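Morning, everyone. Please bring up the sequence and the model, and I'll walk through a few features.

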Amino acid sequence: MAKKSEGTSPLTGVNPTTEAQPEDPGVQIENEAATPSGPLSIKDGEGEGGEAEGPGEADIQAFIDIAQRLEHELCSIVVGQEQVIRELLLALLAGGHVLLEGVPGLGKTLLVRTLSDALALKFTRIQFTPDLMPADIVGTTIVTEQSDSNSAGSRRVFTFQPGPIFANIVLADEVNRATPKTQSALLEGMQEHTVSVGDATRPLPSPFFVMATQNPLEMEGTYPLPEAQLDRFLLKVLVRFPLARDLMRIIDTTVGTQTLRAGKVASGEQLMQLMETARAVPVATHVKEHAVRLLLATHPDQEDAPEQVRKFVRYGASPRGLQALIMTGKVRALLEGRYNVSTEDLQAVAFPALRHRIILNFDGLADGITPEDLIGTIIEETEIS
Amino acid sequence: MATIAPSRHTAPSQSAAAGKGLTEALRSWRRRLWIQQMLHWTENGVIAGLTLACLLLLISRLTPWDGAIYWAVGVATVSLLSALGAALWYRPSFARSAHLVDTQLALHDRLSTAWELRTDSAPISVLQRHDALRQLGKHTPGAVISLWPKRIRLITFGAVAIVLALLLLLPNPMNTLLKQQAAFQNQLASQIAAINQIRKEIDNQEAISAQERTQIDKILREAMNQLQQAKNGAQAQQVLAQAQANLNQLRDPQATSKALASAAASSSLAKSSNANLSAAGKALATGDSKGLDTALQNLASQISSMTPAQRAQLAQQIEQSANQALNNPALSSALHQLAKSVADGSPGEISDAINAVETAAAHDSATQATNSSIDQASQTLENAANTLASSTDNTNSQASGQSQTPGQGQNPGQGQAPGQGQGINGSGGQNNAGNKQGKNEQVYVPGQVGSGTSTITANGDNGTVQSGSPVPYSQVIAQYQQMAHDAIDNSSIPPDLKDLIQGYYNSLEGQQ
């Protein structure tokens with residue numbers, strides 16, 4: 001009697017039952033070089049006919065443990081920014097870069113530094129200023145003296161002096177104060193994880209994260225990030241002012257004689273393994289369809305776009321926004337104790353994943369519309385299939 | 001901020017077995033969901049059906065709609081059966097069931113993902129399936145999926161049922177109108193049958209010429225067709241009046257005077273001392289063509305043996321009869337010719353004259369037969385008009401309840417024009433003063449309905465038409481005309497209508 005089709009999805013045309021692997025084909029973050037045989041490569045699930053691939057139960061439990069400890073460490077030092085820390089972790093475990101926006105003094109730099117401490121990763125901080133040059137970021141070739149074994153003397157050779165971008169975690173502080181030329185020095189590194197200087201392309205260390213901050217208040221003399229560069233940030237996290245009780249805790253933890261430092265929680269290799277684990281989380285077809293609907297609803301030229309979007313949006317989110325939704329949704333699902341991505345995950349991550357990808361038009365800016373308003377509307381009006 | 005660890009559990013040996021387990025676990029949920037769907041859809045069907053039934057019954061209270069109750073019952077039944085059939089047909093699939101259970105149990109798409117990946121053997125998919133089954137195992141379908149209708153549906157059903165009950169129990173004002181329409185249609189059908197009967201009878205009358213039969217038949221057929229399409233009494237009366245007028249146009253306007261002239265001539269001939277001429281007069285009076293032929297032939301034979309003096313005397317008698325028949329030119333001319341030929345004694349001329357007399361007599365007989373048939377048809381139409389008028393009056397009286405005071409609509413002395421009971425031109429009277437239906441509306445007065453000869457009596461005091469002793473037409477017309485003139489003089493009838501009424505009676509006088 002059952003006549004309801006269980007087959008092809010109306011949105012994607014994909015038959016869910018034949019799509020056994022829940023991999024997101026659109027995700028192009030290249031971390032295949034990461035070795036799956038790390039300390040967490042326990043394959044509990046290989047009893048499934050001996051052909052099991054991907055993370056097992058132990059990997060997932062390790063993911064949970066490390067994520068919990070990492071979150072705990074960060075929350076113990078950075079007070080009152082639990083939401084920011086959660087979103088930062090989402091981006092970190094999804095292998096993406098984060099743009100932190102908030103007024104000075106809210107602990108953005110502290111947060112990133114604590115993160116690098118907890119992960120025992122190489123951390124560099126670049127203070128972006130108007131006179132900062134690209135070479136100050138990516139490095140440059142300089143003439144150095146080298147001993148010559150043949151002539152028993154020395155000779156001058158050109159050697160590459162790596163810039164601060166050659167680190168695992170790069171804090172681009174006040175990124176919007178540098179010129180667009182300098183800002184663009186980050187582009188290749190963020191997308192390709194390589195740096196091209198002269199005629200050589202050098203890989204960046206793995207994992208590689210860019211945590212950029214910007215101040216939304218002092219806009220004079222700044223260079224707002226172009227859309228292309230904004231799009232390369234997986235999430236844009238708003239650092240809000242702490243509540244009164246959090247301010248009390250800040251007093252207790254920061255003004256006393258004790259200096260808190262985060263303990264090491266995981267190594268870079270473990271972090272890579274966590275990222276690999278997160279990528280294996282399956283996504284059902286209807287959840288993917290919901291993600292696509294959410295993304296399409298940000299475009300004013302789409303039929304299903306809400307009226308507000310049509311009225312106030314100039315450009316909607318790019319496919320990178322879809323990747324951000326799915327990837328951070330996977331991480332959130334694991335953090336929430338699930339092995340699958342749900343539509344609730346997508347709705348939860350929609351704000352940080354899409355807010356910097358929605359470009360308002362003049363009407364929207366003039367009326368004081370915020371991307372958060374629009375995303376809220378989109379979530380409300382996008383039905384779940 | 002709390003991070004929840006997924007539960008640990010033992011992975012099954014085969015993913016297929018896990019898929020079967022998921023199917024088995026979902027089966028009971030699916031069955032429960034199906035039952036819930038059937039119940040809910042049926043509830044919706046019942047509510048929708050009752051709402052539609054209410055709507056139809058409401059419409060039937062605004063406009064006459066015979067059979068609205070049956071439509072309401074039908075719509076409600078169809079709605080119910082459609083909803084039930086759709087619920088049976090669209091049984092929720094496993095995927096749909098998984099999604100619904102996900103929603104009801106807030107499982108965050110665990111089940112729907114597990115169902116989609118039920119054949120996937122990846123460790124995380126196996127873990128996901130087991131997690132979904134573990135979460136599902138915490139609940140039972142009976143406890144989660146309620147089969148009781150929601151309160152809002154119960155309230156809606158109650159409200160609709162109350163409205164429906166009120167619509168069914170409270171009297172529908174349109175039912176009276178429907179009964180009136182049905183009664184009118186029945187009356188109309190019976191009158192059409194009566195007209196058809198008289199039409200057939202006229203068709204079978206050989207005394208009438210074929211052309212006249214065809215014309216009468218056509219008029220009656222048109223009348224029947226138009227009557228079948230009549231929506232109300234006024235239309236029917238109009239049709240009947242038009243048919244009567246058309247029939248009257250077929251009459252010979254001089255038929256009456258000719259008949260009187262013929263009767264006078266016949267009477268004169270019948271008084272003759274000559275037996276053959278007297279027999280011819282009697283035959284002419286009765287319309288007996290054979291008798292007339294025989295008598296005239298005998299007279300022709302007798303003339304040959306008569307003396308000139310006798311022939312002159314006989315010719316004089318015939319001449320007197322011819323003079324009596326001046327209003328019937330054909331008969332008068334034939335009799336003149338016969339008188340002259342008798343006086344001359346020429347057998348050939350006598351024979352020709354006899355033929356002429358016979359032809360004139362035959363023509364008169366045919367004319368009388370035609371007029372008789374027209375009278376018959378016209379009387380039938382008049383009876384139909386009267387019957388319909390009386391039924392309309394009755395239904396109108398019933399429809400208006402008891403508020404109509406006696407004499408307003410039925411008072412014979414006020415609005416009923418003289419001559420309406422005549423049976424031919426029964427329409428065209430002035431409007432009833434009490435019914436306020438407009439100045440030029442025709443008012444019909446019931447005449448003698450039923451079998452037997454129609455007899456008209458005129459009550460000079462109030463103009464009512466009653467059955468009783470016969471009164472000559474001319475006397476009735478004269479009385480009514482006088483009454484009309486008195487009424488015109490004593491009332492505020494507009495001058496143009498005065499002329500119209502006077503013209504009407506003048507036309508009636510001309511038909512005497």
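Helices are DSSP runs of H or I with at least four residues, strands are E runs of at least two, and both are numbered from the N terminus. The expected span of a helix is 1.5 Å times one less than its number of residues. This is a predicted model: local features need pLDDT of at least 70, side-chain atom pairs count only at 80 or more, and totals for chains, interfaces and linings use all residues. Residues count from 1 along each chain as its sequence is written, with chains lettered from A and ligands numbered from 1 in the order written.

Chain B first. It has 19 helices and two strands. Take helix H3 of chain B, residues 94–105. Its 12 residues should span 16 Å, and because the end C-alpha atoms are 16 Å apart, the two agree. Then comes B:Ala106, with a positive phi near 55 degrees.

Next, burial. Buried means 20 or more other C-beta atoms within 10 Å of a residue's own, exposed means 12 or fewer, and partly exposed is in between; C-beta atoms are placed from the backbone. In H3(B), the buried residues include B:Phe94, B:His99 and B:Asp102. Across chain B, 36% of the 512 residues count as buried.

Now chain A. Where does A:Ile384 sit? In the segment after helix H15 (371–381) of chain A. A:Ile384 counts as partly exposed, because it has 16 C-beta neighbours inside 10 Å. A:Glu289 is 95 residues from A:Ile384 in sequence, yet their C-alpha atoms are 8.7 Å apart.
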